[in-house]
Amino acid sequence: MTTEVDRLIKILENISLGDYSNDIMAFTTGGHSKSIHRIAEAVGMMMVKIETREFGLRLMVEQLQELNEKIKANTLQTVGSIAKALGARDKYTQGHAERVASYSKRLARRLGLSKQDTHDIQVAGVLHDIGKIGFSDKVFENADTKVSDEIFAEIRQHPIRTRQILQGLDFLGPAVEYAAAHHEKIDGTGYPEGLAGDQIPLGAKILAVADCFDAITTTRSYQAARSTEKALKILKKISGNHLDPSLVETFSEEIRENGMETNT
Ligand SMILES: [Fe+2]
């Protein structure tokens, strides 16, 4: 009897550790005392219920993960539509947001950032200039290479406007701050806050590299598009005071290996 109880206890201990073997079933057949038989049957039933519940939970987690991916894809589409509204006002920014988002995503991936961080940075890329939507026509129509103090003051406002437009959208997470800080410079001479070095979030520093590269390699009212190599040289030149040198280095490797974005 003692041996039988000991064996049963051992099996119960194993079950409590998560080992749902069928050993318990041996006690549900004849040849055992009625009490042992009833305990074994109750435990067997409990195991079936636990396993069914665990299966249901696993299924639910899978469904939630799938839903999460769908929400992320929808988020990108939604924010992309908002950004396109800006493209309708300013022909020079058409396609700019998507390219900055792609360059930023590529740089984030190459740096080995997590999926979530990469996603946040990509979203920030799509939305970084959304604050320009409030610009007066004067800014959009200005074709001079030298801008007046008045226009420059308005331009400097756009990251603040970007933050104001996006800050109520909780699902954007840190993307709002990345977008709001994309004109900050490593040496502290950027805007709107004049943040320097590590005060600038990594996501914003990544956006700054992508933003500069796309501005240099596309035709604007004030310049013709520069070649890839010329653009990378300019990035290197402004790294250290404007851009983060190690990010420029990694970005240059990425562009030389996998080329420029071609969507417009
Ligand atoms: Fe900008």
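This is a predicted model: local features need pLDDT of at least 70, side-chain atom pairs count only at pLDDT 80 or more; totals for chains, interfaces and linings use all residues.

User: What makes residues spaced along a helix point the same way?

Analyst: An α-helix has 3.6 residues a turn, so residues three or four places apart point the same way.

User: How do you know that the span of H11 is close to the expected one?

Analyst: The expectation is 1.5 Å a residue, which gives 20 Å for the 14 residues of H11, and the distance from its first C-alpha to its last is 20 Å. H4 is judged by the same rule: its 13 residues should span 18 Å and its end C-alpha atoms are 19 Å apart, which agrees. H2, with 56 residues, reaches 83 Å, close to the 82 Å expected.

User: Why is H2 called hardly covered?

Analyst: The count of buried residues among the 56 residues of H2 is four. They are Ala40, Val79, Ala83 and Leu86, and what covers them includes H3 and H4.

User: Which residues of H4 are buried, and what covers them?

Analyst: The buried residues of H4 are Thr118, Asp120, Ile121, Gln122, Val123, Ala124, Gly125, Val126 and Leu127. Their cover includes H2, H3, helix H7 (158–166), H8 and H9.

User: Why does Lys72 count as partly exposed?

Analyst: Lys72, which is placed in helix H2, has 16 C-beta neighbours inside 10 Å. A residue is buried at 20 or more such neighbours and exposed at 12 or fewer, with partly exposed in between. The value of 16 therefore makes Lys72 partly exposed. Lys72 and Phe171 are 99 residues apart in sequence, and their C-alpha atoms are 9.4 Å apart in space.

User: Why does Ser239 count as buried?

Analyst: Ser239 is found in the loop between H10 and H11. With 20 C-beta neighbours inside 10 Å, Ser239 counts as buried, because the cut-off is 20 or more. Not counting residues up to four places away in sequence, Ser239 touches Asp244, Pro245 and Val248. The C-alpha atoms of Ser239 and Lys185 are separated by 9.5 Å, although these residues are 54 residues apart along the chain.

User: What makes up the largest nonpolar core?

Analyst: This core has 41 residues, and those with the most contacts inside it are Leu127, Val209 and Phe213. The elements that give two or more residues to it are helix H2 (34–89), helix H3 (96–110), helix H4 (115–127), helix H8 (175–180), helix H9 (202–217), helix H10 (228–238) and helix H11 (245–258). H9 gives the most, with nine residues. In soluble globular proteins, nonpolar side chains tend to be buried together.

User: Which residues is Phe213 in contact with?

Analyst: Leaving aside its neighbours within four places in sequence, Phe213 is in contact with Tyr103, Ala231, Leu235 and Phe251.

User: How do you know how the radius of gyration of the chain stands against that of a compact globule?

Analyst: A compact globule of 264 residues would have a radius of gyration near 18 Å, whereas the chain has 29 Å. The C-alpha atoms fill a box of roughly 100 × 35 × 35 Å along the principal axes. Buried residues make up 30% of the 264 residues.

User: How many helices and strands does the chain have, and which domains are assigned?

Analyst: The chain has eleven helices and zero strands. The domain assignment gives domain 1 (1–70) and domain 2 (90–258), and 57 Å separate their centres, taken over C-alpha atoms.

Notes:
Residues are numbered from 1 along each chain as its sequence is written. Domain bounds come from an automatic or database domain assignment. A nonpolar core is a set of buried Ala, Val, Leu, Ile, Met, Phe, Trp, Tyr and Cys residues joined through C-beta atoms within 7 Å. Two residues are in contact if their C-beta atoms, placed from the backbone, lie within 7 Å. The radius of gyration is taken over C-alpha atoms; the globule rule is 2.2 Å times the number of residues to the power 0.38. The expected span of a helix is 1.5 Å times one less than its number of residues.
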